[in-house]
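Q: Can you walk me through the sheet and a helix pair in this one? Keep it quick.
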Protein chains: 2
Amino acid sequence: MTKARFDVLGIGNAIVDVLARTEDDFLVAEGLHKGSMNLIDTERAEYLYKLMGPAIEASGGSAGNTVFGLASLGADTAFFGKVADDQLGEIFSHDMRSLGAHFDCAPLVGGVPTARSMILISPDGERTMNTYLGAATELSEADIDEDIVANAAITYMEGYLWDKEKRQKKPSARRPAFRTKPGGRFPSAFRTASALIRFREEFLDLLQTGQVDIVFANEPEVKALYQTADRATALNALRADTRLSAVTLGGEGSVAISGNETFHVPACNVRELVDTTGAGDLYAAGFLYGITHDMDLEKSATLGNFCAAEVIQHIGPRPEHDMRQAAEQAGLL
Amino acid sequence: MTKARFDVLGIGNAIVDVLARTEDDFLVAEGLHKGSMNLIDTERAEYLYKLMGPAIEASGGSAGNTVFGLASLGADTAFFGKVADDQLGEIFSHDMRSLGAHFDCAPLVGGVPTARSMILISPDGERTMNTYLGAATELSEADIDEDIVANAAITYMEGYLWDKEKRQKKPSARRPAFRTKPGGRFPSAFRTASALIRFREEFLDLLQTGQVDIVFANEPEVKALYQTADRATALNALRADTRLSAVTLGGEGSVAISGNETFHVPACNVRELVDTTGAGDLYAAGFLYGITHDMDLEKSATLGNFCAAEVIQHIGPRPEHDMRQAAEQAGLL
């Protein structure tokens, strides 16, 4: 089999993040559950933005961050996501293409604006997201370039894509990715993210019917998925349902699970935890780079931890450094 | 005399910064003088943006950064500057108001977009700016609220405001500030910034005709102003031309000069110099906070150095921390 043209094709909501520090009191006053991702409408977005402190803007989106991280590591990547033809859309498109990721979905014209997520960063580095999905929900089958799907070694989707249909009942843009599964040639990878709260049964069905080959989640998500408070029980249930899974454990690092094998890799040293935004996305980037470049699962998980550690030491959802260079210096590439 | 309603009114170009790391090779290839501020048109902006790496966006502008820094220290502030009614304009307006600065200039409708500056950050932390002025140049006398001018203890202007008239020959928005001078009640402060290169003779005239009370500049600018390579010669010429001046000396800190008095204050310790964007602006913020809050010149310069040190340790032109809290913890407030 010849090498695929793209190591990873990511499909996700094309979002620009608006990041600001906050005190936890504000979250309480506004009824925001710390660490959550809340979907908001225009009115709520305007209300929260007015109350929000000074912010910086940075391209984000879960799968977008993962594709960016992969590109920074030197992988060949592509991304499907929908922006509008506005200034935030230009920012997202520029950043996605700036490291060589293929991104060619036509911007939405004359409709709602580009999605933005107002991210409130607590003093302990935890982030609470308030996302206005805007144009991101307009991603449709028409945006799916079948040639790219066919030429990607792995197709990776974020759980937040499901938010679209729940709310709008539009044709899905995620199905083409799963469609490639039957032949077994194009594994599909999937990150539940906190969308799990809204789609537990659907996600469980995806796993148990074999539609997903590789699953990314954090520990609370896996526990919620299997409705257990016990880590071992949760991980073993995941082991039974997936061919390969990688679970982040916060300060304890991460664990890769495949069949009878389990690899626990401790977290990298972190000088100062500033902002956890993007941690899970960048973990997935490192891990996916590893498994598409002949690394074993332990090395792949180590690279995932390494990428996650970079992104939590500054404000913003994507690495500030050239991750290929950084990983080489750390002896990981 | 009753306390003025505003400690400082800033007047400047309302700009959103687009910041990305670069290698110095790129600056050479594109004919960019490291450390400079270049004015660019739409075509050049599009060209450079395509070549530029992944960026983050943050509200900027020289006087805008100073007003923001002052507000973060707890000063009462106002700002005059022109944005367009677009997404970048909303971002600038939000950030300016988020700490309580009064900002009420009507956005430009149906014209050019909000100004943006593409800032390339070299590995040594030096920044090279490429500014498309857009709507910023449309600031006019109509935007000057005389009530605010009359109620500001100090009116502060950035040298980049001059770029407007040189290029467009439009009515000036800076004159109202100078107009307040004759009564002696409202001192005017002025930062030459690198606009000095384009307006040396005009700036010298401003100083020598007593239109400016307080001058901010860095060492290369003062040397260029008086056409000398000798620091002492330059500073003494500035002493003769101004009532009060404050000159930043890079790693050597800063010097405040008034009459026969000279106060040299060493720089604060910096763990890692990441991005010098905003250093001079935040120095001015700390210094202006001091002199509007009964601090002596030495303490004012110390607070200036402290604010500059914060902003150069992360990417972006404005402090990430609550500067009042930080300065209190450092025993400076």
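A: Strands (E, at least two residues) and helices (H or I, at least four) are DSSP runs, numbered from the N terminus. This is a predicted model: local features need pLDDT of at least 70, side-chain atom pairs count only at pLDDT 80 or more, and totals for chains, interfaces and linings use all residues. Residues count from 1 along each chain as its sequence is written, with chains lettered from A and ligands numbered from 1 in written order.

Q: OK. What stands opposite A:Arg116 in S8(A)?
A: A:Tyr132. Strands S7 (residues 115-121) and S8 (residues 127-132) of chain A run antiparallel, joined by six bridges.

Q: What's the strand order in the open sheet?
A: S3(A)-S8(A)-S7(A)-S2(A)-S4(A)-S4(B)-S2(B)-S7(B)-S8(B)-S3(B), 10 strands with mixed pairing.

Q: Which strands stand at the edges?
A: S3 (37-39) of chain A and S3 (37-39) of chain B. Each has a single partner strand, so one side of each is left without a neighbour in the sheet.

Q: Switching to helices. How do H11 and H12 of chain B cross?
A: The axes of H11(B) (residues 279-291) and H12(B) (residues 297-311) come within 7 Å and cross at roughly 145°. Axes are lines fitted to C-alpha atoms, for helices over the stretch in contact, and angles run from 0 to 180 degrees between N-to-C directions. Contact means C-beta atoms, placed from the backbone, within 7 Å.

Q: Which residues of H11(B) make the contact?
A: Among them are B:Leu282, B:Tyr283 and B:Phe287. On H12(B), they include B:Leu303 and B:Phe306.

Conventions: Two residues are in contact if their C-beta atoms, placed from the backbone, lie within 7 Å. Two strands pair if DSSP finds at least two bridges between them.
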